[in-house]
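Subject: The two-chain model for you to look at

Hi,

Here is the structure I promised to pass on. Have a look at it first, then read my notes below with the viewer open.

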Amino acid sequence: MKTLYITGGRVIDPSRNYDQTADLLIEDGIIKKVEKGMKPPSDAEVIDADGLVVTPGLVDMHVHLRDPGQEYKEDINSGTRAAAAGGFTSVAAMPNTDPVTDDPSMIRYAFDKAANTPARVYPMGAVTRGQEGKELAELGRMKKAGAVAFSDDGKPVVDGMMMRNAMQYAMGLDALVIVHEEDPALAARGMMHEGTVSSVLGLKGIPSAAEEAMLARDLLILKITGGKMHVAHVSTAGSVEMLRRAKKEGLNVTAEVTPHHLLLTDRMVKNSGYSTNTKVNPPLRAERDRQALWEGLLDGTIDAIASDHAPHHPDDKDMEYDFAPFGIAGLETTLPLMLDEVNSERVKEFTLPVLVDRLSTGPARILQLDSGTLKEGSTADLTILDLNRSYIVDPDSWHSKSRNTPFAGRRLLGAPVYTIVGGRVTMKEGVLTE
Amino acid sequence: MQTLRRKDILGLEEMSAEEITLILETARSMREIMQRKIKKVPTLRGRSVLNLFYEPSTRTKASFELAQKYMSSDAVSVAGTSSSLVKGETLKDTVRNVEVMGVECVIMRHPVSGSAHYLARNVEASVINAGDGMHEHPTQGLLDMFTIWENKGRLEELKVVIVGDIRHSRVARSNLWGLQKMGAEVAVAGPPTLMPPDLDVFGVKHFTSIEEAVADADVVMALRLQKERQESGFFPSMREYAETYGLNARRLEHTKEDLLIMHPGPINRGIELSSDLADGPRSVIMDQVAAGVAVRMALLYLLLGGTKE
């Protein structure tokens, strides 16, 4: 493997509060040295990062790769190409595949298929067999096979006793349980956030209480079981408040938020004339929820930004609103969207180091990955960004098979220019190297 | 010649008072055609229209079809069950196929809110929304306004009360927007479970007592109560609803003498509206039905921009 020498970049490493201009020497896929003004070895490939930002490799801890089962929407290959193009070195794949990833052989399948992809795949296993909420899946055997977390994402574990057992059993394995908080009875097959906009549009609403009631239950369960829980795609002000309190009480809980919940509200459903690209679960909420999510992200209540990349084939979304599936694809937009927020200074405290923490160090810590850091001796997963590069969201140019985004046409400032996985450049100047 | 400067009629929320006035005034001259012995004008001769009904309908469908015939347009009607939808064809494909056959205007009823918007985005033909899910039913709103306007001579400052299942009603939504744009004061009445969440957005007052709501009303409109809402737990029984919220002579005892009683049909007699009121002197329910044809003729005329004979 070639020796890499990255010179002159602003190096941001939230894992040790590091933010200064420095050079990096990478040998055999390992970060050997981070220092100012080293002399590059003569055989090294030099990357001139002057004016660019060097960060630990970004980790998207919530993606749906649809593989196996729905490869016409996405597969491990296209999904990891999208990830690398979007600046991610690693993605954690949700287990709602077909069949459900609820067995060690399915975990191995994902690792095997992702052996040579331009980004790493960390598969997650289902909490319950077939995600049916009735029997525990083999969490221990899946963990041995490499599952990084367990989730029935896409739906909640409805039965409280099952959830309690899952949490308790997972604790014995030091395993992370990721929860999708939604009371299906309260959600009542709703199509969008319940509020003024849903009332005007005549679309069935999903009240904030559907998420909050389930989160409240699970926090109470966590209190009796112990263990560690991660809350996927937090979307309401009430959830942020509950999480803030739970963390203060010392509960071992973490949380993530998506770019679309940070940037859009239910008004988008109306303004887009019922565009199905606004249909997502949890739904785009009200402005006060959006504000609260930012507050939570900035004060550390929310630990990570994750895309909840939910790719769908264009035909699937080209339907009447009720008939289209939920989901927004985000692997190729998450980083540019968030960089644009940093550039715009719309939210003052959202600085580049905070962005890097929430997109790299934070999720890596939650999933206990050997990344999210530029410490000497660690694996050379890196992302190099250009804050001044303009980026237009153009789904037709995506590596993902999907096109479903409500951000199409947006002109943004800030984009990834290099994705480096284990010392191997997988994306350069927006182009995949393989 | 005045026409509407829009391709589609999707809802009254997005329509201006001027546009509504133009439609109502045009409907008035159309009604004059309906009163002739030979109810036919050549205005839309050679123009093609499609009626696409994904939900059952008697009144609205008949009304559109007659309007089309009176205007001499060529119309085809496709019902949800006999359509290719059952064969798995998408709405977009269905309509694009009919479009290349020469259809210039599509009238659609569909169970999903927003489907008229979706269709309008995807075809060049004009789209008239004949009811989309719980969203809007603009032609019903217009015919209701036409009926009130004809009977009262105005819409401004009239007090209109809509009673019943506002939450699931596209008729209510169209009326709430349209009437208020025309200067009427609108209130709604019924059990809180049948009110849309965050009702304030419509700018109307909510009453849980029917007597209070109708006390000084000029118009009261009852909405059809659907049995399936009982099964979903929105109210306990038809009987209890009738006793608590149903309109009957006793409940309307202390109301204005010239109160108009309206209903978009079909009526559950004895549930939301008693027969003595529905068939009584203050009822304008049959006027509404007749107005429907005139309003739809007006819309076809204004959208397809036919020249007057």
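Let's begin inside chain A, where 34 residues of domain 1 are in contact with 47 residues of domain 2. Before going further, please keep in mind that this is a predicted model.

The domain assignment puts 4-54 + 379-432 of chain A in domain 1 and 57-366 in domain 2. Taken over C-alpha atoms, the centres of these two domains of chain A are 25 Å apart. Which elements of domain 1 of chain A give two or more residues to the side that touches domain 2? They are β16 (382-392), β17 (411-421) and β18 (424-428) of chain A. The largest share, 8 residues, comes from β17(A). By class, that side of domain 1 of chain A has 19 nonpolar, 11 polar and 4 charged residues.

Next, find helix α8 (residues 237-248) of chain A and helix α11 (residues 287-298) of chain A. Their axes come within 8 Å and cross at roughly 25°. An angle under 35 degrees counts as roughly parallel, so that is what α8(A) is to α11(A). If you want to see the contact itself, display A237(A), V240(A), L243(A) and R244(A) on the α8(A) side. Their partners in α11(A) are R288(A), D289(A), A292(A), L293(A), E295(A) and G296(A). Sorted by class, this contact has 5 nonpolar, 1 polar and 4 charged residues.

A bit more on α8(A): its 12 residues should span 16 Å at 1.5 Å a residue, and the end C-alpha atoms are 17 Å apart, which agrees. The residues A237(A), S239(A), V240(A), M242(A), L243(A) and A246(A) are buried. Besides α11 of chain A, the buried residues of α8(A) pack against α7 (208-225), β13 (228-231) and β14 (253-257) of that chain. Just after the helix, G250(A) has a positive phi of about 95°.

Most residues other than glycine have a negative phi, and most peptide bonds are trans. With that in mind, look at these:

- H233(A) has a positive phi, near 25°, although this residue is not a glycine. H233(A) sits in the loop between β13 and α8 of chain A. Is H233(A) buried or exposed? With 24 other C-beta atoms within 10 Å, H233(A) is buried.
- Y274(A) is another residue other than glycine with a positive phi, near 65°. You'll find Y274(A) in the loop between α10 and α11 of chain A, and Y274(A) is buried, with 27 other C-beta atoms within 10 Å.
- P282(A) also lies in the loop between α10 (267-271) and α11 of chain A. The bond from N281(A) to P282(A) is cis, with omega about -5°.
- D67(A) and P68(A) are joined by a cis peptide bond too, with omega about 5°. P68(A) is in the loop between β6 (58-63) and α1 (76-85) of chain A.

On to chain B. Here domain 1 covers 17-136 + 291-304 and domain 2 covers 138-288, according to the domain assignment. The centres of domain 1 and domain 2 of chain B, over C-alpha atoms, are separated by 26 Å. 21 residues of domain 1 of chain B are in contact with 19 residues of domain 2, and α11(B) gives the largest share of the domain 1 side, 6 residues.

α5(B) is mostly covered, with 12 of its 15 residues buried. These buried residues pack against α1, β4, α6 (170-181), β8 (219-222), β9 (260-262) and α11 of chain B. End to end, α5(B) reaches 21 Å, close to the 21 Å expected at 1.5 Å a residue. After α5(B) comes G153(B), with a positive phi near 80°.

Finally, how do the chains meet? 18 residues of chain A are in contact with 21 residues of chain B. On the chain A side, helix α6 (residues 196-201) gives the largest share, 5 residues. That side of chain A divides into 7 nonpolar, 7 polar and 4 charged residues.

Happy exploring!

Definitions and conventions:
Residues numbered from 1 in each chain as written. Chains lettered and ligands numbered in written order. Predicted model: local features only at pLDDT ≥ 70, side-chain atom pairs only at ≥ 80, totals over all residues. Contact = placed C-beta atoms within 7 Å. Helix = DSSP H or I, 4+ residues; strand = E, 2+ residues; numbered from the N terminus. Nonpolar A, V, L, I, M, F, W, Y, C, P; charged D, E, K, R; others polar. Domains from an automatic or database assignment. Expected span 1.5 Å × (residues − 1). Buried ≥ 20, exposed ≤ 12 C-beta atoms within 10 Å, placed from the backbone. Axes fitted to C-alpha atoms, helices over the stretch in contact; angles between N-to-C directions. Parallel < 35°, antiparallel > 145°, perpendicular 65-115°, else oblique.
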